[in-house]
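Hi everyone, thanks for making time this morning. I'd like to walk you through one fold, so please have the viewer open and follow along.

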Amino acid sequence: MDADAPTRRKAPVAAPVRWRAAIAVAVVLCAALGGTRGALADDERELQVEAAFLVNFVRYTDWPPARLGPPGAPYVVSVLGSEDEARDVADVASAAGTIDGRRIEVQRVDPDRLSRSAAKVRRLQASHVVFVRADSGVRCATVRSLLGGAPVLTVGDATGCAATGGMFGLVRVDRHLAFEANPDEIHAAGLAVSAKVLKLARIRRSVP
């Protein structure tokens with residue numbers, strides 16, 4: 001067997017929940033965390049739902065074994081956005097618990113002058129997931145170029161992300177959040193995403 005090939009992980013035995021149920025659980029947990037701060041603003045609530053999607057993308061994605069590291073090493077999610085946004089994502093990730101014995105570690109990467117900072121680019125390349133916030137001013141196509149084919153799952157909430165270099169795009173449909181997926185970009189990075197996730201996505205192909 002190829003040591004660098006993705007391996008399918010079994011669903012956690014203690015929590016055999018379906019995709020939509022997993023999202024609901026994460027949203028409830030993050031709402032409980034924010035309950036002490038009073039009513040949530042619409043944009044904050046939306047970010048928490050987006051973070052719940054991120055957690056489940058991690059849950060249903062397989063990376064090459066060499067990228068995962070030793071047992072118990074965390075999944076690293078890099079947020080290209082503000083400190084508050086990264087903190088909200090970290091709250092949801094913490095509430096969701098571990099995945100296959102690995103916690104989700106969230107770090108913020110300052111999007112300012114991203115392309116000019118070798119250190120920032122290396123942090124992105126060493127991540128498992130890069131979450132590109134629309135208000136960061138960074139395009140998904142730019143992130144794809146900076147990653148250079150590294151096995152990193154890219155997710156963005158800007159319009160058209162999944163068609164311009166991103167692997168998952170989070171989109172608003174009426175008052176709900178949905179997602180788009182680009183299987184070509186996912187496969188090109190050496191990642192494997194569960195078919196049950198792709199069946200729920202709007203499939204997009206990269207625009208030349």
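A quick word first: what you see is a predicted model. The protein has 8 helices and 9 strands. Of its 208 residues, 48% count as buried. If you take the contacts between residues at least 6 apart in sequence, 68% of them join residues at least 24 apart.

Now, the sheet. In what order do the strands of the open sheet run? Reading across, you get β3-β2-β4-β5-β6-β7-β9, which makes 7 strands, and the pairing is mixed. At the edges stand β3, residues 104-108, and β9, residues 202-203; each has a single partner strand, so one side of each is left without a neighbour in the sheet. Helix α4, residues 83-96, packs on this sheet and touches β2, β3 and β4, with its direction at about 175° to that of β3. Helix α5 also lies across β2, β3 and β4, and runs at about 135° to β2.

Let's zoom in on β2, residues 75-80. All of it is inside: 6 of its 6 residues are buried, so this strand is largely enclosed by the rest of the structure. As a reminder, in a regular strand the side chains alternate between the two faces of the sheet. Here Y75, V77 and V79 are on one side, V76, S78 and L80 are on the other, and both faces are covered. β2 pairs with β3 in the parallel sense over 5 bridges, and V77 stands opposite V106 in β3.

Further along, β5 (residues 153-156) and β6 (residues 168-173) run parallel and are joined by 2 bridges. V155 has F168 in β6 as its bridge partner.

Helix α6, residues 140-147, has C140, V143, L146 and L147 buried. They cover an arc of only 120° around the axis, which puts them on the same side of α6. What covers them includes β2, α5, β4 and β5. Following α6 is G148, and its phi is positive too, near 60°.

In soluble globular proteins, nonpolar side chains tend to be buried together. The largest nonpolar core here has 37 residues, and those with the most contacts inside it are F57, I104, L153, V155 and F168. Helix α2, residues 42-59, gives the most to this core, with 7 residues. Take I104: beyond its sequence neighbours within four places, I104 contacts V55, V58, Y75, V77, A93 and I99. There is also a second, separate core of 15 residues, which includes V109, V121, L146 and C161.

Last stop, two loop residues. L114 sits in the loop between β3 and α5. Is L114 buried or exposed? Its relative accessible area is 3%, so L114 counts as buried. Setting aside residues up to four places away in sequence, L114 touches L80, V109, K120, V121, L124, V138 and L146. One of these, V138, is 24 residues from L114 in sequence, and the two are 8.2 Å apart in space, C-alpha to C-alpha.

The other is H128, in the loop between α5 (118-125) and β4 (129-132). H128 is buried as well, with a relative accessible area of 4%. Which residues does H128 contact, leaving aside neighbours within four places in sequence? They are W63, R67, L68, P74, Y75, V76, P151, V152 and L153.

Conventions. Residues numbered from 1 in each chain as written. Predicted model: local features only at pLDDT ≥ 70, side-chain atom pairs only at ≥ 80, totals over all residues. Heavy atoms only, no water. Helix = DSSP H or I, 4+ residues; strand = E, 2+ residues; numbered from the N terminus. Buried < 20%, exposed > 50% of the residue type's maximum accessible area, 1.4 Å probe, protein only. Contact = heavy atoms within 4.5 Å. Pairing = 2+ DSSP bridges. Axes fitted to C-alpha atoms, helices over the stretch in contact; angles between N-to-C directions. Arc of directions from axis to C-beta. Core = buried A, V, L, I, M, F, W, Y, C linked by side-chain atoms within 4.5 Å.
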